[in-house]
Amino acid sequence: PSMALYELIVFVHVAAAVALLSSSVVASPGIRAAVRRASTTQEMRAYLALGRPLLVVEPVSAVVVLVSGIYLTSVANFWTQGWVQVAAGFWLVNGVVAGTLVKPAIQVVDAEAATAVDGPVGQQLDALRRSSRWVFGGDLLMANDAAMLYVMTMKPALMPSLLVVAVAILFVAAVRAARPLHNVKNFAARHELFRSRASRSARQH
């Protein structure tokens, strides 16, 4: 192949990777957090609408990354490189996770929000937006994609590449596990503050 074609494919590969990583590591977690924080059905619908284009951007970018990556790897004969094997393997993992966990969970929430009455988020809709499939799947995609950014940039051998992925997954899992405790502490602090104010108000009267 000509150098011009190779350089064009490199540009396409990098551009698609940037789009995929920006969406998976930054935009999607932000939308998910906003949907979970929404206090009304109207707010949830608005956030879900903002995230709807990501359901197209992410799979299209992933396919472009795969196709262009196969071309570049074949031309450079990099198939024996450990980082390439790990990147290809976890591309497949992410595809399965996105297709079987994350996307169906989002579609269920979107459909329920579309038919729910306006006003405070109901119990059923609240349970759906906190679905373990969305939480686990979204966290796994974020960790894997962040790890792939490092792997494809630094190009380590097979075992170091796998170690990077494992560390990223464990880090995200640790952050997720720490959040409930943090939320409980915040709730307890707010409750104690409320009780203190109520007690002072009662004494004043």
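Tutor: D118 is exposed, with a relative accessible area of 52%. Exposed means over 50%, buried means under 20%, and partly exposed lies in between (1.4 Å probe, protein chains only).

Two notes before we go on. This is a predicted model, where local features need pLDDT of at least 70 and side-chain atom pairs count only at pLDDT 80 or more, while totals for chains, interfaces and linings use all residues. Residues are numbered from 1 along each chain as its sequence is written, and side-chain values use heavy atoms, leaving out hydrogens and water.

Back to D118. Its side chain forms a salt bridge with that of R45, at 2.8 Å from N to O. A salt bridge needs a side-chain nitrogen of Lys or Arg within 4 Å of a carboxyl oxygen of Asp or Glu. The two partners sit in distant parts of the chain, 73 residues apart. D118 is in the loop between α4 (82-115) and α5 (123-129), and R45 is in helix α2 (residues 41-51). Helices are DSSP runs of H or I with at least four residues, strands are runs of E with at least two, and both are numbered from the N terminus. R45 is partly exposed, at 26% relative accessibility.

Now look at T41, also in helix α2. What touches T41? Leaving aside residues up to four places away in sequence, T41 touches A113, A116, V117, D118, G119, P120, V121 and L125. A contact means heavy atoms within 4.5 Å. So D118 is among the residues that T41 touches, yet T41 counts as buried, at 1% relative accessibility. A polar atom of the T41 side chain also lies 3.1 Å from the backbone oxygen of V117.

Which residues of α2 are buried? They are T41, M44, L48 and G51. Seen down the axis of α2, these fall within an arc of 80 degrees, so they line one face of the helix. The arc is taken from the directions from the helix axis to the C-beta atoms. What covers these buried residues includes α1 (3-37), α3, α4, α5 and α6 (132-154).

The side chains of R52 and D110 form a salt bridge, at 3.1 Å from N to O. R52 lies in the loop between α2 and α3 (54-76) and D110 in helix α4, so this pair ties together parts that are 58 residues apart in sequence. R52 is partly exposed, with a relative accessible area of 38%.

How many salt bridges does the structure hold? There are six. Among them, R130 and D126 meet at 3.0 Å from N to O. R130 is partly exposed at 38% relative accessibility, and D126 is partly exposed at 24%. R32, D139 and R176 are joined in a network of salt bridges.

Finally, step back to the whole chain. The protein has seven helices and zero strands. Of its 205 residues, 32% count as buried. Take the contacts between residues at least 6 apart in sequence: 81% join residues at least 24 apart.

Technical notes. A polar contact is a pair of N or O atoms within 3.5 Å; within protein, one must be able to donate a hydrogen and the other to accept it, and residues adjacent in sequence count only if both atoms are side-chain atoms.
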